[in-house]
Amino acid sequence: MAKVFNTTGICVPQRHYMVHLQKRLEEIKKLVDEGKYFSVNKARQYGKTTTLMALGKYLQKEYNVVSMDFQTFGNAEFQTENRFSLSFAGSFVRLFLKNRPSMSKRLQAAVDALARNVSKMQEHFALKLLFEQLSEICEASDKPIVLMIDEVDSAANNQVFVDFLAQLRAQYLNRFSQAAFWSVILAGVYDIRHLRQKLRPKEEHRMNSPWNIAAEFKVDLSFSKEEIAAMLQEYASDHSVHIDIDGMAGLLWDYTAGYPFLVSRLCQLIDEDVSAGTEYSSRAEAWTKKGFYEAVRLILWDKNTLFESLTGKLYDYPKLAAMLRTLLFTGRTFSYRADGNVLDIATMFGFIKNQNGTVAIANRIFETYLYNYFLSEEEMRETELYKASLQDKNQFVTGGHLNMKKVLEKFAVHFHDIYGNRSRTFLEEEGRQYFLLYLKPIINGTGNYYIEARTRDLGRTDVIVDYAGEQYIIEMKLWHGEEYNRRGEQQLLGYLDSYHVNRGYLLSFNFNQNKTVGVREIQIGDKTIVEAVV
């Protein structure tokens with residue numbers, strides 16, 4: 001069976017194109033060898049389950065590995081301590097015996113004792129007895145036992161689970177006088193140390209830092225450009241197709257920052273959807289910049305579980321949504337600090353990253369997705385400017401090419417008519433938002449855009465628009481006088497060279513009451529700058 005790019009379920013090397021996990025497994029094994037208890041907390045679809053499955057096989061020579069998944073436990077299993085203890089013990093015995101055709105008599109007796117008590121004691125079997133018998137199995141085992149629990153946060157809203165963690169903690173602290181699991185690995189989205197995010201209010205006071213012994217997990221599960229390139233090389237060899245490996249790997253990394261699902265999904269879209277389009281006669285034509293931009297457009301229209309999860313978090317955490325909205329539209333910077341506030345939540349769910357001590361959206365795909373989300377809110381769709389864009393949108397495309405100059409001309413007229421008398425504060429905080437709001441219906445369905453993060457600050461923002469394989473560089477800035485404006489023009493020229501285009505666009509939000517609103521063209525060498533003032 002030919003390999004494919006996989007974005008649902010566990011990735012298997014024999015069946016799916018994937019990055020090599022060896023380096024990650026070696027790094028994680030160091031923690032296991034040291035007998036650490038640790039949690040692997042990453043956002044949804046970040047490769048946690050695939051990594052854990054590979055790790056289980058990697059550790060088998062030196063350890064007895066028991067790999068559990070709390071998604072297989074129903075809600076009923078967490079209603080009482082007794083019910084949970086019985087379910088955990090039953091699963092543990094079944095998984096421990098798996099792939100172990102032979103055991104020492106002592107180990108067999110310890111495992112049989114646990115199984116026997118599960119069937120005999122039923123209503124009286126509880127956590128204390130469970131951990132006593134698990135300790136006996138650990139003591140009798142011929143190899144150290146590693147316990148791995150995936151999707152652990154699916155149970156984190158129940159106090160029984162917190163009590164279970166407390167028992168793990170107690171057993172670990174007493175490991176020098178009583179046999180215990182050599183290492184414990186818990187995987188999920190929620191950091192175990194932040195269980196208060198999911199506990200019911202009446203139970204929150206019962207939590208007593210059951211995981212304050214956890215070692216810090218620093219292994220990077222994201223894909224590097226080099227790892228993406230190696231995966232693409234394997235694909236190209238299998239299909240005998242020429243791909244600019246370095247260029248394509250660079251694009252994939254630039255847009256995703258190595259987020260595993262996004263990398264695999266974009267590759268999957270190019271391979272299965274873009275290459276099947278009428279514009280592309282072969283796989284080779286699909287694996288180009290034009291094909292990549294088409295895949296970006298498609299993924300932003302995707303109704304996938306990752307984006308559904310992100311949307312749900314924005315709804316559940318209004319402060320998170322407010323912070324992201326401010327970050328995106330006002331250019332305000334946030335110092336990155338982990339102190340249990342909304343930034344912790346944003347990091348935990350994968351929205352943001354630490355970029356030289358300040359907060360940045362995790363990747364371009366998420367950034368554009370968030371812009372689209374906020375611009376699609378009902379209050380935005382009801383604005384006069386959005387309605388004007390819907391009326392204008394059919395007049396900006398000629399022969400498949402977007403007329404960005406005309407977009408700026410019409411935007412300048414509408415913005416001045418509707419918002420011309422607003423304050424400096426309004427222009428500073430809302431101007432960029434309203435340009436993107438006007439632009440969105442015009443390019444929807446054919447193009448997409450992203451904000452060039454390296455230039456975002458309170459004074460300037462660059463928007464890169466991809467439309468039908470062409471790129472348009474638009475610098476948005478606040479007016480601070482002619483000298484500042486000339487520096488902005490020179491800066492834009494540099495960006496045009498970087499993107500290998502000869503035409504750029506400058507949108508200035510001017511606070512002066514006697515300003516001249518409109519659009520003009522400036523020729524500087526072989527470059528043309530279309531400048532709009534509003």
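**Notebook: strands, cores and a pocket**

I looked up Ile 474 and found that its bridge partner in strand S12 is Tyr 505. The model is a predicted one, and I kept that in view for each entry below.

**Entry: S11 and S12.** I then took the two strands as a pair. S11 covers residues 470-478 and S12 covers residues 503-509. I noted that the two run parallel and are joined by six bridges. Is S11 mostly covered or mostly open? I found eight of its nine residues buried, so I logged S11 as mostly covered, taking buried as under 20% relative accessible area.

**Entry: whole chain.** I checked the overall counts next. The protein chain has 534 residues, and 54% of them count as buried. I listed 21 helices and 14 strands. Along the principal axes, the C-alpha atoms fill a box of roughly 90 × 55 × 35 Å. I also looked at contacts between residues at least 6 apart in sequence; 70% of these join residues at least 24 apart.

**Entry: nonpolar cores.** In soluble globular proteins, nonpolar side chains tend to be buried together. With that in mind I looked for cores. The largest nonpolar core holds 140 residues. Which of its members touch the most others? I noted Phe 292, Leu 320, Leu 324, Phe 351, Leu 402, Leu 436 and Val 465. Helix H20, residues 424-443, gives the most to this core, with eight residues.

Leaving out residues up to four places away in sequence, Leu 324 touches Leu 314, Phe 351, Ile 352, Ile 361, Leu 370 and Phe 374.

**Entry: second largest pocket.** Rolling a probe the size of a water molecule over the atoms shows where empty space is left. I read off about 820 Å³ of space for the second largest pocket. This pocket is lined by 30 residues, and I noted Gln 60, Val 65, Ser 67, Leu 95 and Lys 98 as the closest to its centre.

Which elements give two or more residues to the lining? I found helix H2 (48-59), strand S2 (64-69), helix H3 (81-97) and strand S3 (145-150). S2 gives the most to the lining, with six residues. By residue class, I recorded the lining as 12 nonpolar, 10 polar and eight charged.

Methods: Residues numbered from 1 in each chain as written. Predicted model: local features only at pLDDT ≥ 70, side-chain atom pairs only at ≥ 80, totals over all residues. Heavy atoms only, no water. Core = buried A, V, L, I, M, F, W, Y, C linked by side-chain atoms within 4.5 Å. Buried < 20%, exposed > 50% of the residue type's maximum accessible area, 1.4 Å probe, protein only. Helix = DSSP H or I, 4+ residues; strand = E, 2+ residues; numbered from the N terminus. Contact = heavy atoms within 4.5 Å. 1 Å grid on protein atoms, 1.4 Å probe; cavity = no way out; pocket = protein on both sides within 12 Å on 5 of 7 lines; lining within 4 Å. Points joined across faces, edges and corners; volume = space filled by probe spheres on them. Nonpolar A, V, L, I, M, F, W, Y, C, P; charged D, E, K, R; others polar. Pairing = 2+ DSSP bridges.
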